[in-house]
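Q: Please take a close look at a single part of this assembly, the place where two of its chains meet, and describe it in one connected account. I would also like to know how the chain on one side of that meeting place is built.

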Amino acid sequence: MTSDGPSAAPTPVQASRILEREARFRQPTLYLRLALTAAFALAPVLLPSFQLMDLMLKIALFATLVASYDVVIGYTGIVSFGHAMFFGFGAYAVGLSLGKFGAPTYGYLALAFALGVLVSAALALVIGAFSLRVKALFFAMITLAFAEYALILAVQLSHLTGGEDGISPKLPGVFAVSFTAGKVLGVDVNGRVVTYYVVLVVCLALFLTMSRFVHSPLGRTLQAIRDNEQRAEALGYRTFIFQLISSSFGSVVAAVLGGCYAMWVRYVNPESALSIQIMLDVLLMVIIGGMGTLYGGIIGAAVLLTARTLLPDLRAVGTLMFPGSEILQRLTERWLLYFGILFILVVFFFPKGVIGTVREVLSRRNAAR
Amino acid sequence: MKIALPTLLLGLLLPLAFIEPRVYLTLTVAGLAMGMLIFLVASGLTLIFGLMDVLNFAHGALFSWGAYIGFSVVLALNQRLGWAESPSVGLNALLLLLAILAAMLVAAGLGMVLERVIVRPVYGKHMFQILITLGATIVMEELIRIVWGPNDQVVPIPLTFQGSWDIADVIVLRFPIVAIVLGVAVYLGILLLLKLTRVGLIVRAGVENGEMVQVMGHNIYRYFTAVFAAGSALAALGGLMWAVFSQSVRPAMGGEHLIFAFIVVIIGGLGSVTGSVIGALMVGLAYNYVAFLVPKAAIGVNMAIMVLILLLRPTGLFGAGK
Amino acid sequence: MPAQPLISTRHLTIRFGGHVAVDRVSLDIEPFTLKSIIGPNGAGKTTFFNLLSGQYRPTEGRVYFKGVDVTRLTAAARTRLGIGRSFQLTNIFPSLPVLENVRLAVQAQRRMGLKVWRHSRRFPELEDRAYEILETVLLQSKWNALASELAHGEKRKLELGILLALEAEVLLLDEPTAGMSLEEVPTIIGLIEAIKHRRDTTILLVEHKIDMVLALSDSIAVLKDGRLIADGTPEAISRSPEVQAAYFGGGATGA
Amino acid sequence: MPEIILEVEDVHTYIGQHHILQGVSLHARADAVTVLLGRNGAGKTTTMRTIVGLLHPTQGAIRFAGRDIRRLPPYEIARLGIGYVPEGQGIFATLTVDENIRVAMLEEDAESRKRLEQIFALFPDLERFRHARAGSLSGGQKQMLSIARAFVNRNRLLLIDEPSKGLAPIIIDHLVTALRAMKQQATVLLVEQNFQVASALGDDFYLIDDGRTVHRGPMEALVHDHALKKRYLGI
């Protein structure tokens, strides 16, 4: 059955579909996306310092992490505080497999990702099975409890995890620090650069996968569940299964990204992989960018990570400006305070975030026309 | 509920098979005290949640504020007047009482401000409640670091509450007894307030339909503010008691104990005060028994109980579930 | 072979506390007919509906669908079997567009909700079917609007559209015209009539507008205090003295 | 000239962007039943909600017993002696019937107890299910509970929004009887779609259309004015 056929006059829905298909290559957002990809791809070539390249990749990593969190919180309406924990699982899987129990080989690298994904998927399913059925708030509390415990365990089981000191994994072959392969376009092709591109490709692939996920029939069903769970249930959807799929999917993506993160920074410790601060960062990023937008993560991650790299300078300003008063000095040092205030303000005044607000303005303008 | 009581008794008596009775008794008293301390933390959370349907993530920060305010009072009175080091039971008790009062008052004030400024606009929106109280937590914890500094500090303990009594070879620490008495008092107080008073009734009605309660002539916001202030004061009480119990204060202490409170509230069932007491006692006792028998397993015991309870009853022991 | 009733209940009972809301109701609903359930307020009509659709579990008694015991099945499972239910209060997806509301129902009916590898717009047959249904319920001009922006009557139409999209064999309609303006009521009645005349759907209707009930129904069941006190053709029901006493007991201006 | 207990003068109310009331004026005579009539969406419920303070008018005046109440919060308006029975009852489903009534009772004295007895006499079902959860009541019983709550206080003015909506005829009869009994003790402002109920209870009527009062008069006059009824009410 070809419903797009030229038979009768097309219905408005068919017309809009045809229009959408024809305009596929004329959408400004498409070019924005391509330009962004190009910017990330060219960063090692164009950017002068390693610091900036590091910042770029962390933005890419966190933007993807935030998008995976958005699948859970924005598209499905489930508040999870365990997302960073799955990120940590991925990171620790790489750390343990390559740095503690295995050796720097491709086999162990693959094993690490397999382990991270499997453990995360299993735990996400178990937590979801326990708590999704009951009430949304349960999920928030239980995931927070699990995340806190994961952190405690990582610190306490030091014979396994290296405790607070963490683990520094060594990467195999082309990822190794020692790897070099001459110059291309004036850039040293070394282990760092190879890792950069591999991680970037993984991020891009994950992003596309998630985009497909949220726009697929399944993703639409998730949005319906978020909007009116009872009604979705009454349509015959097993809402519980859908929520479980969504939260597990988000967790698995987070685990893969955690693994990538460990590959990039080549170091895992409880503070950098499992602390609640990562969760708070991700939360703020998704709120700044806009929940339920997927791309908001890019803006959130860019704003927050850029600000963070500038913060050490702020501290210096503080000691310079208030040499006498300890409290005033602390007031400038404690940037987390301003982070908290920003957090509250954004939730209050821009609950839809940057992208959500822009989309709203655009659609209102379209409607006015 | 029919299976809960026998199970509880069994859990209480089972460790006797492995532990010498006198040690068992000591552990039991310690467990009860720890349970009551945890309950003090969880009570305010349960109260606010049960009555106002607000999950207050800022509870942990209020806990820390209570601990620090109480600590400041104890420190000041001890440095100036030496009340903590004084052997006088009266002065010691007065000191603790004043510290508790100050902590609860300040926290109640903070709670009122929180409710008015950031919680009121988001009633009924769970996700925003979580986010906004989380933001408040960050701000309040940072303020502690700014005012009192970022490092751990030692809390001087009044002499009367130090040490232990030795009753028939059973060692009973003194301070935990205070905690148990206080916990029972708080529990009974909350129950009385909810079941018997008009305030409880109006607040429960307001949760369901605030507009309707207003057109019946009740200023519902005043009641909500009061409940929030009361819950915050309880958080502070919990914080101070933990500070005295562990003899130290840290800016991040609230967040860590909030997890305890969450576990207890989940075990007991969201919003049930009785559930929280039982959950807290279970956690406190189990922790002590397990820490004695298999020290390495002690960190996981809370989680194990929580998972077990959720397996049996997904809504917790006394949870209504929705 | 005699026609088997599509839905049967046997001694269906539910108690809330001490209050028996539905009391030993045994009722058969023949396939492809329109049966109305009437009765004074508090008679248990909506509760009875909830028992049929699976929102409530009975204290006692059974519900059969095509001879199969479905008493223990959830609401969603019953929807999947082909029992569709409209709610007394409108129940839609407010922040989604009108077309998407119906499309989701079509998608559910075709069991395509778990497809994940293609963009949802690459399933044109779902959209086109949804649009067709919007035409049936006279909402096609609003396909692009958000459901929350619809007027009350339009929301009821959308709700009915969602129900039609499920292609349920049984439609449980709980006061489909409640809260509608007088101009909108005939549209809904016309819609129900059209569905009825297709003779491929069984309709169970709870409605207060007695003229509407008498004109539309093939048979009428009367509930009072949770009990079934009469069941028969509209003519028989309107003549029954017992029903007269219980239900038509005088005009609103009396007393 | 009888006392005017409620005066609404040229009130304008917005809900969000929508200008719902665009000049509603009405007077309610003491100890009479004033009925607001009009099509769905004409602004009747909005008028009620504006009077009890749940919505805030942008212009106009609302006076109760001579006192300006336009800027008062709802709980203070209620304490002046205005009871409100909203459309759809607004009962507390998780509370028992008894608790519902106790929330409404502003002071527990001999008089309110007497009124409670009176209510139970009018609505025996409420006494029968006194300790049942209000949510488990039937639609008619919920409506009675909602009216009972407004009646339990010594209110001088009762605002009742569509009490007969969704009720079966026999229950409506019962309701009309009960409202007639209450009419002796308070002034009533009633929104009612069921014209038979409206004409059985009403003394005066106001017609609201598109957010404005367009007609007023004694109820008997409207009963016989078929042109007006057809034009504004479609009957």
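A: Across the interface of chain B and chain A, zero salt bridges are found, where a salt bridge is a side-chain nitrogen of Lys or Arg within 4 Å of a carboxyl oxygen of Asp or Glu. The rule does find one residue pair in polar contact across this interface, with both residues at pLDDT 80 or more; a polar contact is a pair of N or O atoms within 3.5 Å, of which, within protein, one must be able to donate a hydrogen and the other to accept it, and residues adjacent in sequence count only if both atoms are side-chain atoms.

The model is a predicted one, in which local features need pLDDT of at least 70 and side-chain atom pairs count only at pLDDT 80 or more, whereas totals for chains, interfaces and linings use all residues. Residues are numbered from 1 along each chain as its sequence is written, chains are lettered from A and ligands numbered from 1 in the order in which they are written, and side-chain values use heavy atoms, with hydrogens and water left out.

Chain B and chain A together bury about 3,900 Å², and 85% of that area is on carbon and sulfur atoms; buried area here is the accessible area (1.4 Å probe) that two parts lose on being put together, summed over both. Four helices of chain B, namely H4 (89-119), H5 (126-148), H10 (253-268) and H12 (301-312), each supply at least two residues of the side that touches chain A, helices (H or I, at least four residues) and strands (E, at least two) being DSSP runs numbered from the N terminus. Among these elements H5(B) gives the most to that side, with 17 residues. By class, the side of chain B that touches chain A has 33 nonpolar, six polar and five charged residues, with Ala, Val, Leu, Ile, Met, Phe, Trp, Tyr, Cys and Pro counted as nonpolar, Asp, Glu, Lys and Arg as charged, and the others, Gly among them, as polar.

In terms of contact (heavy atoms within 4.5 Å), 44 residues of chain B meet 38 residues of chain A. Of the four pairs of chains in contact, chains A and B share the most contacts. By comparison, no contact joins chain B and chain C, whose closest C-alpha atoms lie 13 Å apart, and none joins chain A and chain D, for which the corresponding distance is 14 Å.

As for the build of chain B, the chain has twelve helices and four strands. Its radius of gyration, taken over C-alpha atoms, is 20 Å, close to the 20 Å that the globule rule (2.2 Å times the number of residues to the power 0.38) gives for 322 residues, so chain B is as compact as a globular protein of that length. Taken along the principal axes, the C-alpha atoms of chain B fill a box of roughly 65 × 55 × 35 Å. Of the 322 residues of chain B, 57% count as buried, a class defined as under 20% relative accessible area, with exposed over 50% and partly exposed in between (1.4 Å probe, protein chains only). Among the contacts in chain B with a separation of 6 or more, 76% are between residues 24 or more positions apart.
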